Every structure is written in structure tokens, then in C-alpha cells.
Amino acid sequence: MRLRRRHGLVCYWYDGSFVVHPHPGGDPLALHPAVAEILSAFSEWTEQAEAAENLNHLSAETVEQAVEELRGSGLLLAADTPEAAADERFERQWSTWSPEAAFFHYATQDVKYPENDPAGESPASRDPQVPFVLFTGYPRADRIFLPRPPFAELHAPYEQVLRARRTCRDYASDPVPLPVLSALLATTFAPVDFIDCGRGALFRRTSPAGGARQELDAYVAVRNVSGVEPGVYHYNLREHSLELLSEGFTSADATHFCADQEWAGGAAFLVVLGLVVDRLLSKYPTPRSYRVSLLNAGHLGQTFALTATALGLGPAQTGAFHDSPVAERLGLDNIGRTPLYVLAAGYPAAEQPAAPPAAGLSTFRATTFQEAALEG
Ligand SMILES: Cc1cc2nc3c(=O)[nH]c(=O)nc-3n(C[C@H](O)[C@H](O)[C@H](O)COP(=O)(O)O)c2cc1C
């Protein structure tokens, strides 16, 4: 019988054990590291006898026993079985993103939630080892207290704002007035109210946030805002101030932040969302929680974009940025605090040459409208 190693396998060490983690849909298995060599002998469809020849420094009995166990645990698949067909489908679909994305996606699926708390809070999450600190602050930094916005600028009709929001990649050179930046930061990131979570206070924002831990801080890289010297700041939402972390921020810096995308150099400012790992970890110990912080970042990004639009700004956002240099410039250690998302805004230029053209007849002709029938 021909056997092959399952495509979806990641091996790692955990708590001193060697672990083989099949996916999708498999549980991690602590095994002897020698299984890696046996699995390697089955990279392609291989008869057991042929593999045993390649593993001839091991006894035939050892190989036979190991193969039986690896088949039983689904790490070796037999040809022409439904499991092999499913593994081929997985490989066709996910190989380009494997192992990183496929492993994260599937290894964090189907979490067993505690019955009375589907949000995933478990007793382990109450471990006092993981501190929860409500605010980030830089008490020794120089700061600018921001004007308190009356939110008067945000009366644009909702539907109009939704339809007007477009990613802007062509900016005017007009500086953004400080009250406008202030309104955008307050509306997107400042507390709306405070709640009692049973162990202390949490705050809520205009965007939803899994667990309401507000693990995403806003760092503002200012290039062209009147009344604020160019530089990298932390938005202190407790006191509604900008805390200066480092002076100077140029177009070239903005472009480089955003993985060398030229348009970013025209933005008046960037806002980097920085994840504070402990803030979410203190509630959610499951690795799936990292998904929650990515989803939270998306919510904040949308609120930012709509608010910027309502204020007359052109918003943009990018998932493509140079993580390590951004973290370094922000003074984040990239371990406990790490950048997740870069937002940008400025006044839109009168002309928008970088905006995509409208689709015409030839575009529609070149478009596939419908998927072939889904495989059963
Ligand atoms: C998570 C995310 C990442 C994005 N990254 C980039 C980017 O790196 N560069 C860019 O030019 N646009 C980026 N965009 C903007 C999209 O290209 C844009 O949203 C899309 O073309 C639709 O246009 P619209 O935003 O005007 O509706 C990103 C959008 C999102 C939501």
C-alpha cells in the first residue's frame, strides 16, 4: 500500500516535547523526534517496503510499528482514501500560504469554549501572572494637550459618509488643523464610557473590541499637521494628549514605514495600531485570541476611515509595512508591543490620478463572473 506524509503538518517543540501538529482538523501530538525522519521517508507516495530500505539503519520492526502508529494518528495517509483526497484539496488551496497562514488558521479553529463563557474566558485567564494595565502612557515624554473636540464636525449624513469613503492615495499639501486631528483621534480611540468587569474598570470605544480590553494603542507619526512639530507621538487617550517619542517625520519616513509605497509620503499623518499583548492575554489565553486583535484592528480602521471622511480628510490604510523599522521608530520592543496596522490620512488632492478607473465593457468582458460548480 502506498503511503504519503500528510501535507498539513507542522512540527515544533512545546514544553520540552517534540510535537507534530496535523491540520486542518487534527490535534497536536507529542512524539519522539525520530518520527520526523520516518515521516521524511514518505514525502511522496511510497510503499512501506521502499521506505524501510531508505531507513535501513532502523530495524524493519521499528519502521513497521512507527508506520502503523503514524497511520493511526493520521500523519501518514493511504493512497485513494477520502483522507488523502481531502489533504490534496487542502494542499491545492493553501500551499502558497503554508505553513504560516494555514497553520494559524486551522490550529486556532474549533476551540473548545468553556460552557458558560463562549467568549473563551477560562480559569487560566485569571492567572495574576498576566497583568492587565488599562492605559499606556509615557509620563516623562514632552506632550501636547489636544483641543477638546465638540464633535461639531461630525454631522455629515451617515449614508453620505459611507458612500464618500474611498481609499485616498493622492493628497493635497494643505496641513491638517490640530482640532481636526484631535477630533479624529478622540472619536476613534478615546474612551466613550467606563464599565465594571468585576475585577476593575474597562473602557469602551466607538468600535467594538473583543473582551473590551482595548489592546490596541494609537501611535501618530505627524508630518503635516498645523501646530504639531513633525515627529512620532503616542496618543495618550487618558488625557487626550500627544506624547513625543521622537522628533522629525518626513515624506520619505512615511513611504518607508509603508513598505516603500509612494502614496504614503503625501499623507499628513500616519496612525500605527500597536498591539499590547498582555492586555488581551490577561483575559484570553487561547491562541485564537490573536485573531480577535486582528479583527479589532479592522474595526478601528473602519471607524478611522469613516470619521476621517466625515471630517473632510482622505483616509488610507495598509497591511504592507516594514514591521521591524516601524516598531523600532515607535520604541516598541516588537514582543510585548508590536505594530499591527498602519492607517493614514490627509486632505485629498483635487485630482485623484492614483484612483482606479471605472470598469467598462472591456473590463467586464475580461471578468469571470461565476465560480465553477463547487466540488462535493
Ligand atoms: C487591510 C487593508 C490593507 C490595505 N493595504 C493597502 C496597501 O498596502 N496599499 C494600498 O494602496 N491600498 C491598501 N488598501 C486599500 C485597498 O486597496 C482599498 O480598500 C480597495 O482598493 C478598495 O478601495 P476603497 O477603499 O476606496 O473602497 C488596504 C485596505 C485594507 C482594508
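Visitor: How far does a polar side-chain atom of Arg-165 lie from an oxygen atom of the ligand?
Guide: The model is a predicted one, and the distance is computed from its atoms. A pair of N or O atoms counts as a polar contact within 3.5 Å. For a polar side-chain atom of Arg-165 and an oxygen atom of the ligand, the separation is 2.7 Å.

Visitor: How many charged residues does the shell around the ligand have?
Guide: The residues around the ligand include Gln-261, Trp-263, Gln-317, Tyr-341 and the arginines Arg-165, Arg-166 and Arg-169. By class, the shell has three nonpolar and five polar residues, and the number of charged residues is three.

Visitor: Why do the buried residues of helix 11 lie on the same side of the helix?
Guide: Helix 11 spans residues 323-330, and its buried residues are Val-326, Ala-327 and Leu-330. They lie on the same side because the arc they cover around the axis is only 100 degrees.

Visitor: Which residue follows helix 11, and what is its phi?
Guide: The buried residues of helix 11 pack against several elements, among them helix 8 (251-257) and strand 17 (337-346). After helix 11 comes Gly-331, with a positive phi near 75 degrees.

Methods: Residues numbered from 1 in each chain as written. Predicted model: local features only at pLDDT ≥ 70, side-chain atom pairs only at ≥ 80, totals over all residues. Heavy atoms only, no water. Buried < 20%, exposed > 50% of the residue type's maximum accessible area, 1.4 Å probe, protein only. Helix = DSSP H or I, 4+ residues; strand = E, 2+ residues; numbered from the N terminus. Arc of directions from axis to C-beta. Contact = heavy atoms within 4.5 Å. Near = heavy atom within 4 Å. Polar contact = N/O pair within 3.5 Å; in protein donor to acceptor, adjacent residues only side chain to side chain. Nonpolar A, V, L, I, M, F, W, Y, C, P; charged D, E, K, R; others polar.
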